[in-house]
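Student: I would like to learn how to read the packing in a model like this one. Please take the features one at a time.

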Amino acid sequence: MKRRKFLAAGAAMVAWGSVRFLYPASPPADKERERAFEIIGSVQRHFFPKGLSMPDAERFGALGYLKATMAHPTFDPDIRAMLFEGARRLDLLSEGVFPSASSEEKERLLRRFEADSFGGYWLAQLMNLTLEALLGDPLYGGNREESGWRAFALVPGKPRPKERYGGV
């Protein structure tokens, strides 16, 4: 093996090991899991609050979609672990008050969290998954009553799926 390939392979192994060490794939205990979803749902409701000209996170089913997606066997376990870890870190940063904080306080906390590279990555991933819930096919549990499509005057592509995840 040439030196360059050896170094590249070694760096990849170290990076993979670091990710596994920082964000273990084992799921949190039930109480921690529910707290993580409480934090995540609160962030989603902050992203898409009631009173806008578009559906709010509760109306389009953001948290239900995320829970169902994360529970699917094809969901990346490292991303699942990262989402739980991010919720734990945000809970610590907020000293446990994030869900009950005012909108202004949540914004301040999220801006602080975003300044950290992990926090920024976590928020971006959560926003991506929340947008999937808003704009995906309702078959997958989000976009209730096609509210996301209607808000943007989108017409779904054809053919639409008949079963979740192609039966996987």
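Student: Which residues of the largest nonpolar core touch the most other members?

Tutor: A nonpolar core is a set of buried Ala, Val, Leu, Ile, Met, Phe, Trp, Tyr and Cys residues joined through side-chain atoms within 4.5 Å. Buried means under 20% relative accessible area, exposed over 50%, and partly exposed in between, with a 1.4 Å probe and protein chains only. Here the largest core has 22 residues, and Val43, Leu83, Leu90 and Trp122 touch the most other members. Helices H2 (30–47), H4 (62–71), H5 (77–93), H6 (103–115) and H7 (117–135) each give two or more residues to this core. In general, nonpolar side chains tend to be buried together in soluble globular proteins.

Student: What kind of model is this, and how are its residues numbered?

Tutor: The model is predicted: local features need pLDDT of at least 70, side-chain atom pairs count only at pLDDT 80 or more, and totals for chains, interfaces and linings use all residues. Residues are numbered from 1 along each chain as its sequence is written, and side-chain values use heavy atoms, with hydrogens and water left out.

Student: Which residues does Val43 touch, not counting those up to four places away in sequence?

Tutor: Contact means heavy atoms within 4.5 Å. By that rule Val43 touches Leu90, Phe98, Leu110, Trp122, Leu123 and Leu126. Another core, of 7 residues, lies apart from the largest one; among its members are Phe48, Ala57, Ala62 and Leu134.

Student: How many helices and strands does the protein have?

Tutor: Helices (H or I, at least four residues) and strands (E, at least two) are DSSP runs, numbered from the N terminus. The protein has 8 helices and 0 strands. Of its 168 residues, 35% are buried. Among contacts between residues at least 6 apart in sequence, 63% join residues at least 24 apart.

Student: At what angle do the axes of H6 and H7 cross?

Tutor: Axes are lines fitted to C-alpha atoms, for helices over the stretch in contact, and angles run from 0 to 180 degrees between N-to-C directions. Under 35 degrees counts as roughly parallel, over 145 as roughly antiparallel, 65 to 115 as roughly perpendicular and the rest as oblique. The axes of H6 and H7 cross at roughly 115 degrees and come within 4 Å. H6 is therefore roughly perpendicular to H7. On the H6 side the contact is made by Leu110, Phe113, Glu114 and Ala115, and on the H7 side by Ser117, Phe118, Gly119, Gly120, Trp122 and Leu123. By class, this contact has 6 nonpolar, 3 polar and 1 charged residues. For the classes, Ala, Val, Leu, Ile, Met, Phe, Trp, Tyr, Cys and Pro count as nonpolar, Asp, Glu, Lys and Arg as charged, and the others, Gly among them, as polar.

Student: How do the axes of H4 and H7 lie, and which residues make the contact?

Tutor: The axes of H4 and H7 come within 9 Å and cross at roughly 105 degrees, which means H4 is roughly perpendicular to H7. Ala62, Tyr65 and Leu66 of H4 meet Leu126, Leu129, Thr130, Glu132 and Ala133 of H7. The residues of this contact divide into 6 nonpolar, 1 polar and 1 charged.

Student: How many aromatic pairs are there?

Tutor: Rings of Phe, Tyr and Trp (its six-membered ring) pair if their centres lie within 6.5 Å; planes under 30 degrees apart count as stacked, over 60 as edge-to-face and the rest as tilted. The count comes to 3 aromatic pairs. The rings of Phe37 and Phe84 have centres 5.5 Å apart and planes at 75 degrees, so this pair is edge-to-face. Phe37 in helix H2 and Phe84 in helix H5 are 47 residues apart, and both are buried. Phe48 and Phe60 also form an edge-to-face pair, at 5.4 Å centre to centre with 85 degrees between the planes. Both Phe48 and Phe60 are buried.

Student: Which backbone features deserve a look?

Tutor: The peptide bond from Lys158 to Pro159 is cis, with omega near -5 degrees; Pro159 lies in the segment after helix H8 (147–151). Glu95 has a positive phi of about 55 degrees although it is not a glycine. Glu95 sits in the loop between H5 and H6 and is exposed, with a relative accessible area of 71%.
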